[in-house]
Amino acid sequence: MTRALALISAVPVAIRWLATIVFVVLIVTLSITPDRGQAGDTVFHWLVTNTGTLLQKILHVLVYATLTGMLFWALESIATRRLRIVLALGGAVLLGAALEWFQLRVPGRFGSIGDILLNAGGAILGLVVALLLM
(Lines give C-alpha, C1' and ligand atoms only; values in the text may rest on other atoms or scores of the structure.)
Protein backbone atom coordinates (compact mmCIF):
# COMPACT_ATOMS: atom_id res chain seq x y z
CA MET A 1 0.00 0.00 0.00
CA THR A 2 2.85 2.41 0.79
CA ARG A 3 4.33 1.86 -2.66
CA ALA A 4 0.99 2.64 -4.32
CA LEU A 5 0.67 5.84 -2.27
CA ALA A 6 4.20 6.84 -3.23
CA LEU A 7 3.33 6.36 -6.91
CA ILE A 8 0.15 8.42 -6.53
CA SER A 9 2.07 11.20 -4.78
CA ALA A 10 4.69 11.20 -7.55
CA VAL A 11 2.16 12.17 -10.22
CA PRO A 12 2.89 15.75 -11.38
CA VAL A 13 0.40 18.41 -10.31
CA ALA A 14 -0.50 19.23 -13.93
CA ILE A 15 -1.52 15.61 -14.55
CA ARG A 16 -3.51 15.55 -11.30
CA TRP A 17 -5.45 18.64 -12.41
CA LEU A 18 -5.96 17.28 -15.92
CA ALA A 19 -7.41 14.04 -14.55
CA THR A 20 -9.62 15.95 -12.12
CA ILE A 21 -10.89 18.33 -14.81
CA VAL A 22 -11.66 15.43 -17.16
CA PHE A 23 -13.64 13.77 -14.35
CA VAL A 24 -15.55 17.01 -13.68
CA VAL A 25 -16.38 17.35 -17.39
CA LEU A 26 -17.70 13.78 -17.36
CA ILE A 27 -19.88 14.51 -14.32
CA VAL A 28 -21.23 17.73 -15.84
CA THR A 29 -21.90 16.07 -19.20
CA LEU A 30 -23.81 13.20 -17.65
CA SER A 31 -25.71 15.56 -15.34
CA ILE A 32 -26.93 17.96 -18.03
CA THR A 33 -27.74 15.42 -20.76
CA PRO A 34 -31.50 15.53 -21.45
CA ASP A 35 -33.41 12.34 -20.75
CA ARG A 36 -36.20 12.10 -23.31
CA GLY A 37 -37.42 8.72 -24.48
CA GLN A 38 -37.40 8.77 -28.29
CA ALA A 39 -35.95 7.03 -31.30
CA GLY A 40 -32.18 7.33 -31.41
CA ASP A 41 -31.89 7.70 -27.65
CA THR A 42 -28.51 8.44 -26.20
CA VAL A 43 -26.45 5.82 -24.44
CA PHE A 44 -27.10 7.88 -21.32
CA HIS A 45 -30.87 7.39 -21.65
CA TRP A 46 -30.37 3.66 -22.12
CA LEU A 47 -28.13 3.50 -19.03
CA VAL A 48 -30.57 5.47 -16.87
CA THR A 49 -33.60 3.43 -17.88
CA ASN A 50 -31.69 0.19 -17.32
CA THR A 51 -30.09 1.17 -14.00
CA GLY A 52 -32.15 0.68 -10.87
CA THR A 53 -32.83 3.57 -8.55
CA LEU A 54 -30.74 2.11 -5.71
CA LEU A 55 -27.72 1.73 -7.99
CA GLN A 56 -28.20 5.31 -9.25
CA LYS A 57 -28.15 6.56 -5.65
CA ILE A 58 -25.04 4.51 -4.85
CA LEU A 59 -23.38 5.98 -7.94
CA HIS A 60 -24.13 9.51 -6.67
CA VAL A 61 -22.16 8.71 -3.52
CA LEU A 62 -19.28 7.00 -5.33
CA VAL A 63 -18.92 9.70 -7.99
CA TYR A 64 -18.77 12.53 -5.45
CA ALA A 65 -16.47 10.55 -3.15
CA THR A 66 -14.12 10.08 -6.11
CA LEU A 67 -14.40 13.75 -7.08
CA THR A 68 -13.54 14.94 -3.57
CA GLY A 69 -10.59 12.57 -3.36
CA MET A 70 -9.32 13.78 -6.72
CA LEU A 71 -9.71 17.43 -5.71
CA PHE A 72 -7.86 16.80 -2.44
CA TRP A 73 -5.12 15.02 -4.41
CA ALA A 74 -4.88 17.81 -7.00
CA LEU A 75 -4.67 20.42 -4.24
CA GLU A 76 -1.78 18.65 -2.48
CA SER A 77 0.59 21.51 -3.28
CA ILE A 78 -1.41 23.74 -0.89
CA ALA A 79 0.51 23.60 2.36
CA THR A 80 -2.45 24.23 4.64
CA ARG A 81 -4.34 20.96 5.08
CA ARG A 82 -7.39 22.78 6.42
CA LEU A 83 -7.61 24.90 3.25
CA ARG A 84 -7.28 21.77 1.08
CA ILE A 85 -10.14 20.19 3.02
CA VAL A 86 -12.36 23.25 2.62
CA LEU A 87 -11.60 23.61 -1.10
CA ALA A 88 -12.01 19.92 -1.94
CA LEU A 89 -15.16 19.38 0.10
CA GLY A 90 -16.66 22.76 -0.75
CA GLY A 91 -15.93 22.38 -4.45
CA ALA A 92 -17.53 18.94 -4.68
CA VAL A 93 -20.59 19.89 -2.62
CA LEU A 94 -21.12 23.12 -4.58
CA LEU A 95 -20.78 21.33 -7.92
CA GLY A 96 -23.27 18.66 -6.81
CA ALA A 97 -25.80 21.24 -5.64
CA ALA A 98 -25.36 23.40 -8.75
CA LEU A 99 -25.86 20.45 -11.08
CA GLU A 100 -28.97 19.30 -9.20
CA TRP A 101 -30.36 22.84 -9.49
CA PHE A 102 -29.47 22.97 -13.19
CA GLN A 103 -31.21 19.64 -13.82
CA LEU A 104 -34.50 21.36 -12.99
CA ARG A 105 -34.12 23.09 -16.37
CA VAL A 106 -33.05 20.02 -18.39
CA PRO A 107 -35.81 18.15 -20.26
CA GLY A 108 -36.54 14.78 -18.69
CA ARG A 109 -34.26 15.42 -15.70
CA PHE A 110 -35.03 16.55 -12.19
CA GLY A 111 -32.94 17.78 -9.31
CA SER A 112 -33.66 16.78 -5.75
CA ILE A 113 -32.61 17.64 -2.23
CA GLY A 114 -32.10 13.93 -1.68
CA ASP A 115 -29.53 13.76 -4.47
CA ILE A 116 -27.79 16.86 -3.11
CA LEU A 117 -27.53 15.09 0.25
CA LEU A 118 -26.20 11.94 -1.43
CA ASN A 119 -23.62 14.01 -3.31
CA ALA A 120 -22.58 15.74 -0.08
CA GLY A 121 -22.43 12.41 1.76
CA GLY A 122 -20.24 11.03 -1.00
CA ALA A 123 -18.02 14.10 -0.78
CA ILE A 124 -17.60 13.58 2.97
CA LEU A 125 -16.81 9.91 2.43
CA GLY A 126 -14.24 10.80 -0.23
CA LEU A 127 -12.65 13.35 2.07
CA VAL A 128 -12.37 10.84 4.91
CA VAL A 129 -10.72 8.31 2.62
CA ALA A 130 -8.38 10.98 1.23
CA LEU A 131 -7.41 12.07 4.72
CA LEU A 132 -6.64 8.50 5.70
CA LEU A 133 -4.56 7.88 2.57
CA MET A 134 -2.75 11.18 2.09
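Student: What makes the charged end of Arg84 count as sitting over the ring of Phe72?

Tutor: The charged end of Arg84 is 3.9 Å from the centre of the Phe72 ring, and a charge sits over a ring if NZ of Lys or CZ of Arg is within 6 Å of the ring centre and within 35 degrees of the ring normal. The value of 3.9 Å is therefore within the distance limit, and the charge is listed as sitting over the ring. Please keep in mind that this is a predicted model, in which local features need pLDDT of at least 70 and side-chain atom pairs count only at pLDDT 80 or more, while totals for chains, interfaces and linings use all residues. Residues are numbered from 1 along each chain as its sequence is written, and side-chain values use heavy atoms, with hydrogens and water left out.

Student: How many helices and strands does the protein have?

Tutor: The protein has six helices and zero strands, where helices (H or I, at least four residues) and strands (E, at least two) are DSSP runs, numbered from the N terminus. The order of the elements from the N terminus on is accordingly α-α-α-α-α-α.

Student: Why is the pair of Asp115 and Lys57 called a salt bridge?

Tutor: A salt bridge is a side-chain nitrogen of Lys or Arg within 4 Å of a carboxyl oxygen of Asp or Glu, and the side chains of Asp115 and Lys57 meet at 2.7 Å, N to O, so the pair qualifies. This pair links distant parts of the chain, with Asp115 in helix α6 and Lys57 in helix α4, 58 residues apart.

Student: Which of the classes, buried, partly exposed or exposed, do Asp115 and Lys57 belong to?

Tutor: Buried means under 20% relative accessible area, exposed over 50%, and partly exposed in between (1.4 Å probe, protein chains only). Asp115, at 5%, is therefore buried, whereas Lys57, at 25%, is partly exposed.

Student: What does the other salt bridge, that of Glu76 with Arg16, tie together?

Tutor: The closest N and O atoms of Glu76 and Arg16 are 2.5 Å apart. Glu76 lies in the loop between α4 and α5 (81–103) and Arg16 in helix α2, so the pair ties together parts that are 60 residues apart in sequence. Glu76 is partly exposed at 27%, while Arg16 is buried at 3%, and a search of the whole structure finds two salt bridges.

Student: Why is Ser31 called buried?

Tutor: Its relative accessible area is 11%, which is under the limit for that class, so Ser31 is buried. Ser31 belongs to helix α2 (residues 13–32), and, leaving aside its neighbours within four places in sequence, Ser31 is in contact with Leu99, Gln103 and Arg109.

How values were computed:
Contact means heavy atoms within 4.5 Å.
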